[in-house]
Amino acid sequence: SYIFLLIFFDSISLSYFFSAILIHGLSCIIIYFVILKITKDRFASNIAAYFNSFWFLTQIGGLYVDHLSYFFILVSILIYVLNISKVSKIILLSIFLSLSFWTKQTTGALGSLIAIITYFYINRKFFFNSYLVSIFLSINFLISILILSIIFLYSSFDNFLNSFLWYNLDYSKVEENKNPLVLIYNFIAPFKIDIISAIYNKNLGVIVFYPLVILVYLSYLSLFIFRKYFRDNINLFSIYFFFLFSSLLCMPMIGRNFVDVVWSLGGVFGLNYYVIKKNNLINQKLLKKIFIFFLLIFIFISLLHFIIPKVLTPSKIFNDHSLYPLRITENWGNYVDIESIEKTHNYIKKNINNSEFATIYLIDDKSILFSILNKIPTVGYNTFFDANINIPRYYSDYLDWQKDQINYLRENDIKYIVSSLKNKKRIFRVRKEQVTKYQKDIMNPKLIIDFIKTRYNVIYTTKDYTIFEIKK
């Protein structure tokens with residue numbers, strides 16, 4: 001989405017920020033409106049939206065493609081509460097669930113599953129209505145054909161299959177968050193937090209997150225205690241069910257430590273207030289004070305862990321107009337010298353960016369910055385190489401991986417290579433001081449290095465980066 005906004009903004013960062021703010025803000029508005037429509041309670045809607053305003057984006061990296069996928073799922077739930085015809089709802093549902101799936105297959109598939117259960121829980125006759133089912137399936141099919149046709153005509157279908165399917169299948173073999181059992185485990189131990197181990201090891205960074213886990217457990221308890229109330233208020237239960245279980249299912253799909261991905265748990269927080277209020281368990285004024293207090297606690301956790309540390313960043317900064325208003329600090333790549341980044345970028349901008357049909361083959365993920373800044377396309381199986389994920393961890397497979405990369409370079413006559421293999425501290429996201437026995441070969445991709453030496457010349461080098469040009 002932020003690449004599209006480059007049409008309107010000269011700055012990559014400005015377009016990214018605008019996109020993040022837009023999706024972030026709209027997601028909070030949707031949660032607010034859905035709860036208001038179901039409960040008619042502005043306080044419940046407000047605290048839900050405030051909660052999510054501090055927690056919807058992935059704090060470690062801002063806006064991910066997962067967020068856009070989940071945003072489409074939220075739109076489908078907004079459609080659920082609108083006063084429009086059933087056929088209109090089915091048509092719009094089909095469109096947005098298709099968009100969600102083709103944006104990110106894992107988040108889209110799991111989020112869509114919960115959305116469909118939510119949608120048709122109160123209208124079970126839907127499953128026996130061939131007319132509605134045929135509309136739903138037909139539109140999904142047409143949207144899918146349209147998206148795939150656009151990719152086939154205007155992009156590389158092979159690259160799409162690689163990034164959408166094959167890469168993720170390989171990823172799932174070594175990334176524990178992609179194991180289906182993680183989905184079940186996350187219901188039992190949300191956010192993968194083992195509080196006993198955290199306390200024993202004095203891991204304050206994990207302990208401080210535990211209120212989020214308590215919120216999930218209290219929500220389970222709420223479903224049990226107020227089960228009669230939920231049975232009598234099916235619409236409310238459906239939305240509660242969606243906010244809670246779509247969040248829990250989609251958390252692991254971010255593909256890394258997902259402790260800070262809460263999706264729409266703010267909606268659960270707001271609805272818990274409403275359900276307790278309607279059952280008259282606590283004085284309403286006291287209840288409001290309790291929920292405001294815990295809302296402030298959750299906001300404080302967000303500030304403490306993510307926003308304050310980002311403000312207190314090192315003073316050494318790499319500036320570039322195309323990144324405005326973002327300024328890359330030493331925190332961005334603490335194992336890469338800022339001066340190396342700046343010198344390498346300036347060289348590419350002056351000597352490569354204006355060359356005809358310039359393409360860059362990147363080795364290591366911190367190199368992708370140069371492609372983005374100079375708007376030069378990257379080529380290869382992946383724009384970066386990530387140890388133990390798309391780089392095999394076993395030696396024989398690792399050799400085959402290197403051969404595949406070499407074959408691609410040879411067959412396509414790639415003109416330029418930007419590499420950070422010479423970096424002394426880390427390669428392929430593996431810290432050199434933390435190398436284990438099975439990782440030692442990853443630290444020395446000899447086949448690739450030897451191929452580059454025989455086929456390419458060094459045209460520029462800094463402390464951390466080397467730029468190669470194919471021999472003429």
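This is a predicted model: local features need pLDDT of at least 70, side-chain atom pairs count only at pLDDT 80 or more; totals for chains, interfaces and linings use all residues.
Local features were considered at a pLDDT of at least 70 and side-chain atom pairs at pLDDT 80 or more, whereas totals for chains, interfaces and linings use all residues. Residues are numbered from 1 along each chain as its sequence is written, and side-chain values rest on heavy atoms, with hydrogens and water left out.

The largest nonpolar core comprises 88 residues, and those with the most contacts inside it are Phe-51, Phe-191, Phe-242, Phe-243, Leu-244 and Leu-265. A second, separate core of 20 residues includes Tyr-347, Leu-369, Tyr-416 and Val-418. Here a nonpolar core is a set of buried Ala, Val, Leu, Ile, Met, Phe, Trp, Tyr and Cys residues joined through side-chain atoms within 4.5 Å; buried denotes under 20% relative accessible area, exposed over 50%, and partly exposed in between, with a 1.4 Å probe and protein chains only. When neighbours within four places in sequence are left aside, the contacts of Phe-242 (heavy atoms within 4.5 Å) include Tyr-70, Ile-73, Leu-74, Ile-77, Gly-111 and Ile-114.

Helices (H or I, at least four residues) and strands (E, at least two) are DSSP runs numbered from the N terminus. In helix H8, which spans residues 180-188, Val-182, Leu-183 and Asn-186 are buried. These residues cover an arc of only 105° around the axis, which puts them on the same side of H8, the arc being that of the directions from the helix axis to the C-beta atoms. The buried residues of H8 pack against helix H5 (105-120) and helix H13 (234-250), while the face turned away from them carries the exposed residues Pro-180, Leu-181, Ile-184 and Ile-188.

A nonpolar patch on the surface is formed by Leu-146, Ile-150, Phe-152, Leu-153 and Tyr-154, with about 630 Å² of accessible area together. Such patches consist of residues with over 30% relative accessible area and no salt bridge, like charges being joined within 9 Å and nonpolar side chains (Val, Leu, Ile, Met, Phe, Trp, Tyr) within 5 Å; areas come from the Shrake-Rupley method with a 1.4 Å probe, and for residues only the protein chains shown count as cover. Phe-152, placed in helix H6 (residues 130-154), is exposed at 56% relative accessibility.

Lys-40 lies in the loop between helix H1 (12-39) and helix H2 (42-55) and is exposed, with a relative accessible area of 63%.

The structure holds six salt bridges, each defined by a side-chain nitrogen of Lys or Arg within 4 Å of a carboxyl oxygen of Asp or Glu. Asp-413 meets Arg-455 in one of them (2.9 Å, N to O). Because Arg-455 lies in helix H19 (residues 446-455) and Asp-413 in the loop between H18 and S5, this pair ties together parts that are 42 residues apart in sequence. Asp-413 is partly exposed at 47%, as is Arg-455 at 25% relative accessibility. Lys-228 and Asp-232 also form a salt bridge (3.3 Å, N to O); they are four residues apart in helix H12 (residues 227-232), a separation of about one helical turn.
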